[in-house]
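I opened this entry to log what I looked up, in the order I looked it up. The sequence and the model come first.

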Amino acid sequence: MYYHYVVLKKNKDFLAVLTNQNTQWELGHYYDQGYAFFMEVQAFNATSAIKIAQQNEDSEIVKLQSELNHLRQEYQKLINENYNLKNKDIFGYSFGSNNLNPLEILGFAIHPTQDELKKRYRQLAQKIHPDKGGNDFLMKLIKNAFEQLNNSRVL
């Protein structure tokens with residue numbers, strides 16, 4: 001009886017993974033370890049799947065498929081990094097849905113000390129508080145920025 005395997009390769013090492021409902025999760029685990037998709041094989045066991053893959057290693061089609069899958073993995077990593085860079089600043093603060101940096105909201109170019117942060121928050125709160133004729137939305141924005149910076153462990 002033949003089984004369906006996905007063969008992965010890392011440098012000169014081959015690894016055969018029997019396909020099942022958890023295959024995608026397992027493959028992600030191996031991709032994180034540096035393995036790349038090499039080919040799909042029908043074989044009696046993992047050893048014979050690896051031997052088939054090794055025999056086909058010089059095939060131009062297999063080389064191109066392997067390279068294409070490796071490029072897809074790299075592309076996905078870049079997409080994830082790009083997403084993280086868009087949504088966080090150098091201090092690791094998430095900008096949230098409004099894409100506003102809490103440092104910029106409170107008027108800081110660099111990370112403030114605890115005292116500077118409290119002082120700036122009080123100044124802005126006195127000017128913008130709704131009870132003093134200010135704007136509720138702006139007050140919430142300032143309060144959220146203050147809490148985000150105040151709760152960070154970088155201070």
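What share of the contacts in the protein chain with a separation of 6 or more comes from residues 24 or more positions apart? I read off 52%. I note here that the model is predicted.

**Layout.** I listed the secondary structure next. The protein chain has six helices and three strands. Along the sequence I get the pattern β-β-α-β-α-α-α-α-α. Of the 155 residues in the protein chain, 30% are buried.

**Helix 6.** I took this helix for a closer look. Helix 6 has 16 residues and spans 22 Å from its first C-alpha to its last, close to the 22 Å expected at 1.5 Å a residue. Which residues of helix 6 are buried? I found Met139, Leu141, Ile142, Ala145, Phe146 and Leu149. They lie on the same side of helix 6, because the arc they cover around the axis is only 160°. Phe137 and Asn151, on the other side of helix 6, are exposed. I then checked what the buried residues pack against, and the partners are helix 4 (102-105) and helix 5 (114-128).

At the N-terminal end of helix 6 I found a cap, asparagine 135. A side-chain oxygen of this asparagine is 2.7 Å from the backbone nitrogen of phenylalanine 137.

**Nonpolar cores.** The largest nonpolar core has 13 residues. Which of its residues touch the most other members? My list reads Leu106, Phe108, Leu117, Tyr121, Ile142, Phe146 and Leu149. Helix 5 and helix 6 are the elements that give two or more residues to this core. Apart from this core I logged another, of 11 residues, including Val7, Ala16, Phe38 and Ala49. As background, I keep in mind that nonpolar side chains tend to be buried together in soluble globular proteins.

**Salt bridges.** How many salt bridges does the structure hold? I count two.

One joins lysine 140 to aspartate 136, with the closest N and O atoms 3.6 Å apart. Both residues lie in helix 6 (residues 136-151), four residues apart, about one turn of the helix. The other joins glutamate 74 to lysine 77, and here the closest N and O atoms are 3.7 Å apart. Glutamate 74 and lysine 77 both sit in helix 3 (residues 60-87), three residues apart, again about one turn of the helix.

Side chains of opposite charge can then pair when their charged atoms come close.

Lysine 140 counts as partly exposed at 49%, and aspartate 136 counts as partly exposed at 41%.

**A backbone angle.** Asparagine 11 has a phi near 55°, which is positive in a residue other than glycine. Where is asparagine 11 found? I placed it in the loop between strand 1 (3-10) and strand 2 (13-18). With a relative accessible area of 66%, asparagine 11 is exposed.

Notes:
Residues are numbered from 1 along each chain as its sequence is written. This is a predicted model: local features need pLDDT of at least 70, side-chain atom pairs count only at pLDDT 80 or more; totals for chains, interfaces and linings use all residues. Side-chain values use heavy atoms; hydrogens and water are left out. A salt bridge is a side-chain nitrogen of Lys or Arg within 4 Å of a carboxyl oxygen of Asp or Glu. Buried means under 20% relative accessible area, exposed over 50%, partly exposed in between (1.4 Å probe, protein chains only). The expected span of a helix is 1.5 Å times one less than its number of residues. The arc is that of the directions from the helix axis to the C-beta atoms. Contact means heavy atoms within 4.5 Å. A polar contact is a pair of N or O atoms within 3.5 Å; within protein, one must be able to donate a hydrogen and the other to accept it, and residues adjacent in sequence count only if both atoms are side-chain atoms. A nonpolar core is a set of buried Ala, Val, Leu, Ile, Met, Phe, Trp, Tyr and Cys residues joined through side-chain atoms within 4.5 Å.
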